[in-house]
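Work through the exercises below with the sequence and the coordinates at hand. Try each task before reading its solution.

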Amino acid sequence: MRKLSMDELNRVSAEEFKSQEKNNIVVVLDNIRSLNNVGSSFRTGDAFAIEKVVLCGITGKPPHRDIHKTALGAQDTVAWEHFDETVDAIKKLKEEGYKVYAVEQVEGSTMLQDLETTKDEKIALVFGNEVMGVSDEAIEEVDAALEIPQFGTKHSLNVSVTIGVVLWQVLQKKM
């Protein structure tokens, strides 16, 4: 066994990525404090070829060196937009035909592995603040909530880890 070289990975260029077909998934960041978590969301979004990242409220915006540090340039390949209020972003996404899910522990949430979707369904995933989670105002606007089953003593994962887990599982369901 040996590691593959960069040439063997057959990665597309930034320009090719921008024009390639994307998975119909949007990541919404609801008041994320850590610029490293923001950068990680771009890098993960690039890996899974999502449509865009929506930055809401206090969530930092590119260009910023701390976002670049973890995004490694993905902030330049993944489309993004900013909204002052997460609720406004959710309303717009719903108008555009997205089913909007909060990724949060709430009454009536669907366990991530039980999500039912189709390849063509447009999905927006709202990820919340590192301390408070998805805001109550956003929870009131979403269509449903997804929850990652957890079996340890902690009740949450880091938001960047959560984004990776959820995107992977949602894409598996859409294939």
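The model is predicted: local features need pLDDT of at least 70, side-chain atom pairs count only at pLDDT 80 or more, and totals for chains, interfaces and linings use all residues. Residues are numbered from 1 along each chain as its sequence is written, and side-chain values use heavy atoms, with hydrogens and water left out.

**Exercise 1. The main core**

Task: Find which residues of the largest nonpolar core touch the most other members.

Solution: 
- Start with the term. A nonpolar core is a set of buried Ala, Val, Leu, Ile, Met, Phe, Trp, Tyr and Cys residues joined through side-chain atoms within 4.5 Å. Buried means under 20% relative accessible area, exposed over 50%, partly exposed in between (1.4 Å probe, protein chains only).
- The largest core holds 31 residues, and Leu29, Phe42, Leu125 and Phe127 touch the most other members.
- Helices (H or I, at least four residues) and strands (E, at least two) are DSSP runs, numbered from the N terminus.
- Two or more residues each come from β1 (23-30), α2 (35-47), β2 (50-56), α3 (65-71), β4 (99-103), β6 (123-127) and α6.
- Helix α6 gives the largest share, six residues.
- A second, separate core has 17 residues, including Val28, Ile90, Leu93 and Val142.

**Exercise 2. A buried serine**

Task: Locate Ser41 and list its contacts beyond four places in sequence.

Solution: 
- Ser41 lies in helix α2.
- Its relative accessibility is 1%, so Ser41 counts as buried.
- The contacts of Ser41 are Leu29, Val53 and Ile163.

**Exercise 3. A threonine in a loop**

Task: Find which side chain makes a polar contact with the side chain of Thr117.

Solution: 
- Thr117 sits in the loop between β5 (110-111) and β6.
- At 16% relative accessibility, Thr117 is counted as buried.
- Apply the cut-off. A polar contact is a pair of N or O atoms within 3.5 Å; within protein, one must be able to donate a hydrogen and the other to accept it, and residues adjacent in sequence count only if both atoms are side-chain atoms.
- The partner is Glu121, at 2.4 Å.
- Beyond four places in sequence, Thr117 also contacts Ile123, Lys173 and Lys174.

**Exercise 4. Backbone checks**

Task: Which peptide bond is cis, and what is the phi of Asn10 and of Asn31?

Solution: 
- The bond from Pro62 to Pro63 is cis, with omega near -5°. Pro63 lies in the loop between β2 and α3.
- Asn10 is not a glycine, but its phi is positive, near 50°. Asn10 belongs to the segment before α1 (14-19). Asn10 is exposed, at 63% relative accessible area.
- Asn31, also not a glycine, has a positive phi of about 60°. Asn31 is placed in the loop between β1 and α2. With 24% relative accessibility, Asn31 counts as partly exposed.

Note on methods: Contact = heavy atoms within 4.5 Å.
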